[in-house]
Amino acid sequence: MRVLTPQLETVAASATALGTAVLAGVALHAAAPTFALYAIIGLLLAAVAGGLAVRFRLPVGRSRIAENRLRLLESAVIHAHDAVVVLDAEVQAGLGRSVLYANDAFYKMTGYGRNEVVGRSLHFLRGPGSDPSTLNQIRVALGAGQPLRVELQNYRKDGTPFWVDLSLVPVPDPSGGAAHWVMIQRDITDRKRAEDALQRSEGLFRGIFENTSAGVSLIDPSGRFVSCNPAFAAMTGRTVEELLALTPEAIAHPDDWAAQVPLMAEIRAGMRDRFHLPCRYVWPTGEVLWVELSYVAVWGPTGEFEYGLGVSLNVNERRRLEDQLRQAQKMDAIGQMAGGVAHDSNNLLTAVLGNLALVNLPENDPNRALLATVEQAAVRAADLTGKLLGYARRNQLVFAPIKTADAFDEVIGLLHRTLDPRVRLVVQVADDCDPVHADPTLLTQALMNLCLNSRDAMPEGGILTLTAAVVEVDAADEDRYPGDSRPGRFVRLTVSDTGVGMTNEVQARIFEPFFTTKGQGKGTGLGLPMVQGIVKQHQGWVTCDSAPGAGTRLDLYLPPADPSTVSRAILRSPASAPSSAPQPDISRTPLPRPAQPIVSEELVTDLEPTVSDLKPTILLVDDESMIRQLGQVVLNRAGFQVLTADDGVEAVDVFGREHDRIDLVILDVTMPRMSGRDAFRHLLEIDPTARILFSTGYSDEHIAELDGAVGLLSKPYRPHELLTAVQSALETQPAAG
């Protein structure tokens with residue numbers, strides 16, 4: 001609202017006096033009313049538009065000069081770009097103040113004609129968008145005789161809205177009242193549209209600024225934060241208000257700040273436009289958050305550095321996933337290596353254990369004890385190889401539904417013999433806990449390994465707890481689990497202790513093969529990697545929670561058994577589960593178990609042939625000459641005729657010539673030139689009824705998919721295990737037979 005200044009009051013007073021004098025001097029002139037009206041308009045227009053004191057001197061006898069000057073003012077009003085309206089001071093009953101005069105600009109602005117305006121109130125300009133409060137302001141000002149300036153939305157004759165900057169000025173009469181009102185309206189529609197667009201744009205960018213997940217910050221030339229959004233404050237572990245009192249150095253990691261300082265200096269000096277940098281923000285709690293920082297200069301109108309604009313992206317999760325991927329790739333590479341080493345070791349151990357079994361010494365021979373020691377060492381080596389296979393996830397699985405209580409009973413039965421009396425054992429199994437779908441032997445092995453680790457972590461005694469419960473893993477909770485987790489229903493087997501615990505650095509490496517915190521000779525570093533490998537084979541995952549002095553908790557998440565399978569199966573403890581449990585397409589011989597001393601080994605030389613005197617012919621295919629030689633000796637002594645081949649190519653060639661008399665093919669899976677799987681297909685093309693017994697140092701997941709195989713012989717094997725597998729294979733009807 002504009003208030004009249006003393007200068008404007010002087011002008012208004014002059015206008016009133018002059019208007020009175022003009023009316024008195026030309027009272028007999030027919031055009032006196034129009035003349036006086038124009039004089040008033042001209043004087044007030046000058047007053048409102050610029051506050052200029054327009055003064056006319058009307059000496060006696062010079063009224064024509066005054067008339068000319070007033071006509072000049074009339075012309076200015078008529079041709080003005082702003083709309084000028086003169087209103088009657090008196091209010092008509094219910095109709096408002098009538099229009100006495102309006103210039104051409106008003107008619108052009110509103111679209112109305114002169115005969116539609118003069119004598120009417122301006123209420124016809126109102127519409128649904130006219131602000132009631134502004135209209136009330138106008139009413140109050142008119143009633144009080146006070147000048148007013150407002151912005152109002154009016155409506156043209158065609159109904160289109162337009163905005164005006166409206167000024168109201170009273171024309172006082174000699175008594176001090178309002179004789180008329182002059183209203184000046186300037187069309188500001190374009191300006192209002194620009195303001196609205198600017199406001200919408202500012203609102204849009206303010207919304208983006210406030211709600212974007214990227215952290216945005218502004219730094220002034222002195223190096224202080226002058227603005228930031230909530231996302232940036234959250235990335236630093238502080239509030240917006242706290243940040244505005246700090247500098248970037250206060251939140252940056254010292255190592256990263258040293259790299260940022262020269263880059264920011266180069267930007268302020270105009271040597272570069274921007275930089276991108278991975279860096280860390282340090283929270284008041286000491287927690288560190290990784291971000292990708294993009295920093296750019298904002299230059300002022302004269303080219304001076306005005307602000308530094310920083311945009312930070314939270315990459316903590318991405319870096320965690322990248323670390324997991326690198327770790328998984330490293331573990332996979334080590335697993336591949338471990339699987340290869342285990343395969344070759346099993347070949348060697350097959351030769352060692354097999355040839356030891358062929359040695360026949362008298363009861364009193366002093367070398368028997370030495371050979372028994374060699375055999376025990378070989379058995380331990382086979383156990384170590386089994387752990388490597390467990391880590392490499394190439395163990396052979398025989399799945400069955402297992403009650404968790406039975407699994408715990410089996411572990412406790414084995415554990416009691418090695419447990420310190422000062423360690424208290426607690427077992428908790430939820431009443432509604434589902435059976436797990438697992439290999440009984442490997443499940444026992446994994447739980448036993450965890451329990452032994454817990455025992456070793458409590459040299460002074462403590463509490464070892466085994467718990468089992470069903471959990472629902474929701475997609476929203478996946479951040480709590482490793483990358484190989486998935487939503488669904490799982491059985492969680494927990495082994496926890498009150499032992500010494502582990503640091504974060506140790507926890508990060510516990511699943512690395514050969515990493516151990518135990519003393520020299522007290523651990524191989526394969527226990528936990530083996531557990532992880534077994535659990536992954538079961539389509540599950542492992543989590544660890546530990547802290548120094550607070551004990552350790554390891555959770556195994558395993559899929560529950562299929563209810564339909566449980567209803568048909570007899571739930572057994574791992575100890576009672578037979579090795580011939582339901583299997584996929586082919587049968588499997590069990591992994592080697594610790595042997596009795598060699599003095600009690602049943603010698604192959606004492607075995608009678610287990611088949612008829614027809615002397616079946618066996619084709620033994622293996623790339624290891626030691627395996628071929630051992631197998632030939634064992635099978636020959638058992639009464640079989642033996643043909644040998646050292647790879648798949650030779651096996652196909654021999655079988656192509658001799659398949660009519662070959663009763664069984666013992667086929668190694670991994671060989672040079674042609675693998676056992678490829679040779680298997682070629683052999684079946686030659687004779688679809690061929691009996692083929694696979695032999696391997698580790699299980700291959702594709703073997704079970706090959707129709708026509710009659711079994712799988714696991715290395716390392718003893719002579720009697722070889723003969724048992726051969727006899728079983730010869731008694732098995734081939735799939736195409």
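The report below covers the overall composition, then the sheets, then selected helices and a hairpin.

## Basis of the description

The model is predicted: local features need pLDDT of at least 70, side-chain atom pairs count only at pLDDT 80 or more, and totals for chains, interfaces and linings use all residues. Residues are numbered from 1 along each chain as its sequence is written, and side-chain values use heavy atoms, with hydrogens and water left out.

## Overall composition

The protein has 21 helices and 22 strands. These elements are DSSP runs numbered from the N terminus, with helices being H or I of at least four residues and strands being E of at least two. Of the 737 residues, 46% count as buried. Buried means under 20% relative accessible area, exposed means over 50%, and partly exposed lies in between, with a 1.4 Å probe and protein chains only.

Among contacts between residues at least 6 apart in sequence, 63% join residues at least 24 apart. A contact here means heavy atoms within 4.5 Å.

## The sheet β2-β1-β5-β4-β3

An open sheet is formed by 5 strands in the order β2-β1-β5-β4-β3, with antiparallel pairing. Its edge strands are β2 and β3, each of which pairs on one side only. The twist averages 35° from one strand to the next. Two strands are taken to pair if DSSP finds at least two bridges between them. Angles run from 0 to 180 degrees between N-to-C directions, and axes are lines fitted to C-alpha atoms, for helices over the stretch in contact.

Strand β1 (residues 83-92) is joined to β5 (residues 178-187) by 6 bridges, and Val84 has Ile184 of β5 as its bridge partner. With β2 (residues 96-102), β1 pairs over 5 bridges in the antiparallel sense. The bridge partners in β2 include Val99 for Leu87 and Gly96 for Gln92.

## Helices on this sheet

Helix α5 packs on the sheet, touching β2, β3, β4 and β5, and its direction makes about 130° with that of β3. Helix α6 (residues 189-211) lies across β3, β4 and β5 and runs at about 125° to β4.

In α5, the buried residues are Thr134, Leu135, Ile138, Ala141 and Leu142. They cover an arc of only 120° around the axis, which puts them on the same side of α5; the arc is that of the directions from the helix axis to the C-beta atoms. An α-helix has 3.6 residues a turn, so residues three or four places apart point the same way. These buried residues pack against β2, β3 (148-155), β4 (161-172) and β5, whereas Pro132 and Gly143, on the other side of α5, are exposed.

In another open sheet, 5 strands stand in the order β7-β6-β10-β9-β8, and the pairing is antiparallel. Strands β7 (225-228) and β8 (274-282) are at the edges with a single partner strand each, so one side of each is left without a neighbour in the sheet. Neighbouring strands are turned by 30° against each other on average, direction ignored.

Strand β6 (residues 215-219) is joined to β7 by 3 bridges, and Leu218 stands opposite Ser227 of β7. Helix α10 (residues 254-268) lies across β6, β8, β9 (288-299) and β10 (305-314), running at about 150° to β8.

## Helix pair and hairpin

Helices α14 (residues 440-456) and α16 (residues 527-537) pack at an angle of about 145°, with their axes 9 Å apart. The contact involves residues including Leu442, Ala446 and Leu450 of α14 and Leu528, Val531 and Ile534 of α16.

Strands β16 (residues 541-546) and β17 (residues 552-558) pair in the antiparallel sense over 6 bridges, and Val542 stands opposite Leu556. The two strands form a hairpin with 5 residues between them, and Gly549 in the turn has a positive phi of about 80°.

## Helix α20

In helix α20 (residues 676-686), Gly676, Ala679, Phe680, Leu683 and Leu684 are buried. They cover an arc of only 135° around the axis, which puts them on the same side of α20. The elements covering these buried residues include α19 (648-658), β20 (662-668), β21 (692-696) and β22 (709-714).
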